[in-house]
Amino acid sequence: CARRRSRKGRDERAAPAALPTSMVAAVSAGHGISNYYSSKIDELEVVVREKTQNLRRLEAQRNELNSKVRLLREELSLLQEPGSYVGEVVKVMGRKKVPEEG
């Protein structure tokens, strides 16, 4: 333990840092520190698994939204192209002149 000087100049031992309750329980139960760390590893593996599943879900959602955006852009570009003009022929006035209503 680290030593520190008191106000009167005497050496005093510093109090040890507080241990997590799960570590205290594992060590006091006689299981040893290896069980504590193996349980911590298991807990962290569960967290990593959950985060990985969440990441895959979000990637799939992103891909789906990107495909929807792509389709909407294509549809928008088709809508912005000039369409064919359709009207009702009133009278044929020649080969190249045709008045129409429309």
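Modeller: Ground rule before we start: a residue is buried under 20% relative accessible area, exposed over 50%, and partly exposed in between (1.4 Å probe, protein chains only). The model is predicted, so local features need pLDDT of at least 70 and side-chain atom pairs pLDDT 80 or more, while totals for chains, interfaces and linings use all residues. Numbering runs from 1 along each chain as its sequence is written, and side-chain values use heavy atoms, without hydrogens and water.

Biologist: OK, then why is Glu-64 called partly exposed?

Modeller: Its relative accessible area is 45%, which lies between the 20% and 50% limits, so partly exposed is the label.

Biologist: And what makes Glu-64 and Lys-68 a salt bridge?

Modeller: The term asks for a side-chain nitrogen of Lys or Arg within 4 Å of a carboxyl oxygen of Asp or Glu. Here the closest N and O atoms are 3.8 Å apart, so the pair qualifies. Lys-68 is partly exposed too, at 45%. Both residues sit in helix α2, four residues apart, about one turn of the helix.

Biologist: How many salt bridges does a search of the whole structure find?

Modeller: Two. Lys-40 and Glu-43 make a salt bridge at 3.9 Å, N to O, and that value is within the cut-off, so it counts. These two are three residues apart in helix α2 (residues 33-80), again about one turn. Lys-40 comes out partly exposed at 31%, as does Glu-43 at 46%.

Biologist: What makes Tyr-36 and Tyr-37 an edge-to-face pair?

Modeller: Two numbers describe any such pair: the distance of the ring centres and the angle of the planes. Rings of Phe, Tyr and Trp (its six-membered ring) pair if the centres lie within 6.5 Å; planes under 30 degrees apart are stacked, over 60 edge-to-face, the rest tilted. The structure holds one aromatic pair, and for Tyr-36 and Tyr-37 the values are 5.0 Å and 70°. The distance passes and the angle is over 60, therefore edge-to-face.

Biologist: What do buried residues make up in the protein?

Modeller: 4% of the 102 residues.

Biologist: Which elements does the protein have, and in what order?

Modeller: Two helices and four strands, running β-β-α-α-β-β from the N terminus. Those are DSSP runs numbered from the N terminus: helices are H or I of at least four residues, strands E of at least two.
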